[in-house]
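This report describes the sheet, the helices and the charged pairs of one structure. The sequence and the model are shown first.

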Amino acid sequence: MPSYHPFYARRSSDKRVSHAQILDLSEEILAIGIDFFQELLPDGRIMGTDFVILNPHRPDRNYGSFRLSLRGPRAGAWADFALPNDQRARGGNVISWWAYINGLSQSAAHRDLKRTLASMLDDNGSERSVS
């Protein structure tokens with residue numbers, strides 16, 4: 001019997017977002033680069049090609065183990081390496097990372113990041129479309 005985990009609980013108000021939409025938005029955010037992530041989470045740090053934050057779901061006091069890859073063949077992949085046996089603490093795109101951090105479904109995380117990206121682009125005077 002699968003265990004219940006609140007991070008992945010479906011909310012009745014969730015509207016389904018396709019996997020393609022999730023990947024498209026994740027790629028668009030990664031293309032913008034570090035500016036997006038520093039605006040989103042100003043306490044985050046860059047370590048090599050990774051954006052590193054403290055994991056909000058455990059008593060994390062040191063930067064380094066909770067990472068999101070920003071460039072290269074694993075861009076979008078993330079994990080908390082302090083929790084190697086917890087499959088929920090890893091994923092393959094920016095949307096699942098945001099969902100994990102905030103306890104959202106991927107559909108809700110997609111909507112949240114899409115709004116955030118649109119707002120940042122509006123603030124910068126850009127007319128770029130958002131997936």
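A salt bridge is a side-chain nitrogen of Lys or Arg within 4 Å of a carboxyl oxygen of Asp or Glu. The model is predicted, so local features need pLDDT of at least 70 and side-chain atom pairs count only at pLDDT 80 or more, while totals for chains, interfaces and linings use all residues. Residues are numbered from 1 along each chain as its sequence is written, and side-chain values use heavy atoms, with hydrogens and water left out.

**Salt bridges**

The whole structure contains 5 salt bridges; among them are the pairs tabulated here.

| Pair | N to O distance |
|---|---|
| Asp50 and Arg67 | 2.9 Å |
| Arg58 and Asp60 | 3.3 Å |
| Arg58 and Asp80 | 2.7 Å |

Arg58, Asp60 and Asp80 are linked in a network of salt bridges. Because Asp80 lies in strand E4 and Arg58 in the loop between E2 and E3, their pair ties together parts that are 22 residues apart in sequence. Asp80 counts as buried, at 0% relative accessibility, and Asp60 does as well, at 12%. Buried here means under 20% relative accessible area, with exposed over 50% and partly exposed in between (1.4 Å probe, protein chains only). Asp50 also counts as buried, at 15% relative accessibility.

**The sheet**

Helices (H or I, at least four residues) and strands (E, at least two) are DSSP runs, numbered from the N terminus. An open sheet is formed by 5 strands in the order E1-E2-E3-E4-E5, with antiparallel pairing; two strands pair if DSSP finds at least two bridges between them. Strand E1 (45-47) and strand E5 (90-91) stand at the edges with a single partner strand each, so one side of each has no neighbour in the sheet. E5 pairs with strand E4 (residues 78-80) over 2 bridges, and Ala79 has Arg90 in E5 as its bridge partner. Helix H3 (residues 94-102) packs on the sheet, touching strand E2 (50-52), strand E3 (66-69), E4 and E5; contact means heavy atoms within 4.5 Å.

**Helix H1**

Helix H1 (residues 19-32) has 14 residues. Its buried residues include Ile22, Leu25, Ile29 and Leu30, together with Ser26 and Glu28. The buried residues of H1 pack against helix H2 (34-40), E3, H3 and helix H4 (106-123). Just after H1, Gly33 takes a positive phi of about 95°.

Methods. Axes are lines fitted to C-alpha atoms, for helices over the stretch in contact, and angles run from 0 to 180 degrees between N-to-C directions. The expected span of a helix is 1.5 Å times one less than its number of residues.
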